[in-house]
Amino acid sequence: MGGRTIDLAKGAWPPAPIETDRLVLRAPEARDRSALVELFASPEVGAHLGGPRPRAEIERSMPGAPERRPGRFVVALGSATIGQVTLTRAVEHPSPAAVGKLDLGYLFLPHAWGHGYAAEACAAALAWRAAVLPGEPVVLTTRTANVRSMRLAARLGFTEVERFEAYGAEQWLGILLE
């Protein structure tokens with residue numbers, strides 16, 4: 001670790017699709033647009049993020065093909081896009097403990113909740129990170145009210161660093177050191 005900074009973009013991006021027992025993690029494509037609009041506009045998903053964004057705003061701001069950037073994986077179950085997992089460098093964060101570290105984020109459509117897809121997809125993304133950026137710590141932030149997300153963080157091996165107020169709610173910050 002030692003304060004080094006590694007850019008996710010240094011390797012070839014996107015990587016080959018990552019296949020798990022049930023899912024495929026891959027770079028976003030034009031065919032994912034409608035599912036991602038639905039994801040970002042979902043009131044159920046937005047409830048854990050400070051509120052949903054208006055669908056019209058998302059429609060206007062999302063290009064024909066969703067943005068491809070290092071660390072952003074679309075999660076597909078068969079031919080259906082069910083969510084996304086991201087690993088991004090936390091350049092700005094409400095908690096100073098997270099700044100400069102990789103930040104794991106995940107969002108899934110409500111019909112995909114409760115089937116273990118988030119755990120499977122996040123574990124695959126973290127395994128990819130371990131191969132590409134060995135030893136790089138990863139942080140995860142979630143609202144403390146999102147009990148399912150906190151349980152997932154614990155299953156993935158994250159340890160609580162702190163709790164803090166941000167975005168109008170108490171947040172939980174965990175770290176994964178490998």
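This is a predicted model: local features need pLDDT of at least 70, side-chain atom pairs count only at pLDDT 80 or more; totals for chains, interfaces and linings use all residues.
Within the pairing, Glu165 stands opposite Glu170 in E8.

E8 also pairs with E6, again in the antiparallel sense, here over six bridges. Thr141 is placed opposite Leu173 in E8. Strand E8 itself (residues 169–176) is mostly covered, seven of its eight residues being buried. In a regular strand, side chains alternate between the two faces of the sheet.

Two packed helices are described by the angle between their axes and the distance between the axes. For H4 and helix H5 (residues 147–156), the angle is about 40° and the axes are 10 Å apart. H4 is therefore oblique to H5. The crossing of the two helices is right-handed. On the H4 side, the residues involved are Ala118, Ala119, Cys122, Ala123 and Leu126, which meet Leu152, Arg155 and Leu156 in H5.

Nine salt bridges were counted in the model. One of these joins Glu120 to Arg22, with the closest N and O atoms 2.7 Å apart. Glu120 lies in helix H4 (residues 117–132) and Arg22 in the loop between strand E1 (18–19) and strand E2 (23–26), so the pair ties together parts that are 98 residues apart in sequence. Glu120 has a relative accessible area of 17% and is buried, whereas Arg22, at 36% relative accessibility, is partly exposed.

A salt bridge also links the side chains of Arg89 and Glu136, at 2.5 Å from N to O. Because Arg89 belongs to strand E4 (residues 80–89) and Glu136 to the loop between H4 and strand E6 (138–143), this pair ties together parts that are 47 residues apart in sequence. Glu136 is buried, with a relative accessible area of 3%, while Arg89 counts as partly exposed at 22% relative accessibility. Elsewhere, salt bridges with shared partners join Arg26, Glu29, Arg31 and Asp32 into one network.

The side chains of Arg53 and Glu57 form a further salt bridge, with an N to O distance of 3.1 Å. Both partners of this pair are partly exposed: the relative accessibility of Arg53 is 36%, and Glu57 has a relative accessible area of 34%.

Val74 is located in strand E3 (residues 72–77). At 0% relative accessibility, Val74 is buried. With its neighbours within four places in sequence left aside, Val74 is in contact with Val24, Leu25, Arg26, Pro28, Asp32, Leu36, Thr81, Gly83 and Gln84.

Definitions and conventions. Residues are numbered from 1 along each chain as its sequence is written. Side-chain values use heavy atoms; hydrogens and water are left out. A salt bridge is a side-chain nitrogen of Lys or Arg within 4 Å of a carboxyl oxygen of Asp or Glu. Helices (H or I, at least four residues) and strands (E, at least two) are DSSP runs, numbered from the N terminus. Buried means under 20% relative accessible area, exposed over 50%, partly exposed in between (1.4 Å probe, protein chains only). Two strands pair if DSSP finds at least two bridges between them. Axes are lines fitted to C-alpha atoms, for helices over the stretch in contact, and angles run from 0 to 180 degrees between N-to-C directions. Angles under 35 degrees count as roughly parallel, over 145 as roughly antiparallel, 65 to 115 as roughly perpendicular and the rest as oblique. A crossing is left-handed if the near helix is turned anticlockwise from the far one by less than a right angle, and right-handed if clockwise. Contact means heavy atoms within 4.5 Å.
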